[in-house]
Amino acid sequence: MDWPVSVALAQSVPALPTGTDWSYEMKLDGHRMIMWRTGDGVRLQARSGRDVTAAWGDLALAGHHLPAGTVLDGEAVIVAEDGRISFEAAQARAASSPTRAHRLAAQRPAHYIAFDALQLPPPNGDIRARPYNERRAALLHLLAELPSNTPIQAVSATTDRDTALTWYTTLHNELGVEGIVAKRATSPYRAGRTAGWQKIRHAETVDADVIGYTGPKTRPRALAVRLPNGRTALTQTLSAPLAARLAQVLVTAGPAEQGRADTGETYTRIPPGLAVLEVLAGTTRHAVVTPVRLR
């Protein structure tokens with residue numbers, strides 16, 4: 001298997017699939033990470049393909065307990081003082097220099113929650129083509145051999161849909177569980193979004209300040225908004241009626257200046273206070289922001 005590996009992604013769906021051939025995993029709000037146990041060390045890969053070993057040295061050290069030739073997919077998470085998973089803490093770690101990352105690790109160590117095995121030690125090799133239930137069994141067998149105090153753990157999973165829905169409704173506020181990922185038992189590990197992996201996330205309707213737009217002022221394509229948690233993001237494409245209403249507001253905006261959302265997209269700024277938009281916004285950083293109506 002060549003570095004970097006392209007990761008598998010789940011499709012967003014409004015409800016969990018039903019049937020006896022699905023397994024349901026907790027979705028945790030951390031940093032997606034591929035753990036490579038090579039012949040001479042451990043390398044950690046971000047979803048983008050970047051090498052992030054320096055920022056997560058505690059996990060790299062833990063990875064030395066894995067047998068050489070192992071490649072795992074999972075999530076690096078950090079638990080805050082209140083017992084909830086903190087994406088902010090994970091984000092701070094990921095953006096740190098090696099020196100600061102070492103200091104943060106001493107204060108609040110990371111955990112690696114593995115949810116898939118991509119490669120096993122020889123003679124097995126690459127197992128991405130095997131069905132999910134076989135890869136899951138291999139992952140559990142592999143992790144059972146690690147020391148009891150290891151920060152590398154398997155993600156919680158169940159084949160009972162009702163149990164998964166209980167996790168979804170009760171553990172979001174208590175532990176910071178982001179959602180549920182359903183994986184078909186027969187599905188291989190395939191890069192990109194696949195129907196064999198489906199996910200639901202928590203979402204809520206909130207008021208967001210409009211801080212900019214994309215496209216022409218007379219027919220905006222999307223809006224840049226600031227959510228109550230401080231996150232800035234672009235909405236999904238506006239409907240024609242909503243775009244027409246927004247155009248009436250935007251004509252009063254002053255000279256155009258460029259801004260950048262937290263997710264990296266650029267937009268044209270507008271003065272604060274011109275408009276408030278009601279949006280369906282995921283409560284985590286990944287979720288899309290769907291415009292509902294202009295307040």
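## Charge pairs and overall build

At 29% relative accessibility, Asp21 counts as partly exposed. Its salt-bridge partner is Arg184, with the closest N and O atoms 2.5 Å apart. The model is predicted. A search of the whole structure finds 10 salt bridges.

**The Asp21–Arg184 pair**

- Arg184 is partly exposed as well, with a relative accessible area of 29%.
- This salt bridge between Arg184 and Asp21 links distant parts of the chain, 163 residues apart.
- Arg184 belongs to strand S10, which covers residues 177–184.
- Asp21 sits in the loop between strand S1 (8–12) and strand S2 (22–28).

**The Glu25–Lys183 pair**

- Glu25 and Lys183 form a salt bridge, and their closest N and O atoms are 3.0 Å apart.
- Glu25 lies in strand S2 and Lys183 in strand S10, so this pair ties together parts 158 residues apart in sequence.
- Glu25 is buried, because its relative accessible area is 2% and buried means under 20%.
- Lys183 is buried too, at a relative accessible area of 1%.

- Asp126 pairs with Arg128 in a salt bridge, the closest N and O atoms being 2.7 Å apart.
- Asp126 is partly exposed at 40% relative accessibility.
- Arg128 is also partly exposed, at 24%.

**Charge across the chain**

- Side chains of opposite charge can pair when their charged atoms come close.
- The chain carries 33 positive and 27 negative side chains.
- The centres of these two sets lie 6 Å apart.

**Fold and dimensions**

- The secondary structure comprises six helices and 18 strands.
- The radius of gyration is 21 Å; a compact globule of 295 residues would have one near 19 Å, so the chain agrees with that expectation.
- The C-alpha trace spans about 65 × 50 × 40 Å along its principal axes.

**Burial, contacts and surface**

- Of the 295 residues in the chain, 49% are buried.
- Among contacts with a separation of 6 or more, 67% come from residues 24 or more positions apart.
- The accessible surface of the chain is about 14200 Å².
- Carbon and sulfur atoms account for 51% of that surface.

Definitions and conventions. Residues are numbered from 1 along each chain as its sequence is written. This is a predicted model: local features need pLDDT of at least 70, side-chain atom pairs count only at pLDDT 80 or more; totals for chains, interfaces and linings use all residues. Side-chain values use heavy atoms; hydrogens and water are left out. Helices (H or I, at least four residues) and strands (E, at least two) are DSSP runs, numbered from the N terminus. The radius of gyration is taken over C-alpha atoms; the globule rule is 2.2 Å times the number of residues to the power 0.38. Buried means under 20% relative accessible area, exposed over 50%, partly exposed in between (1.4 Å probe, protein chains only). Contact means heavy atoms within 4.5 Å. Accessible areas come from the Shrake-Rupley method with a 1.4 Å probe; for residues, only the protein chains shown count as cover. Lys and Arg count as positive and Asp and Glu as negative; His and the chain ends are not counted. The place of a charge is taken as NZ of Lys, CZ of Arg, CG of Asp or CD of Glu. A salt bridge is a side-chain nitrogen of Lys or Arg within 4 Å of a carboxyl oxygen of Asp or Glu.
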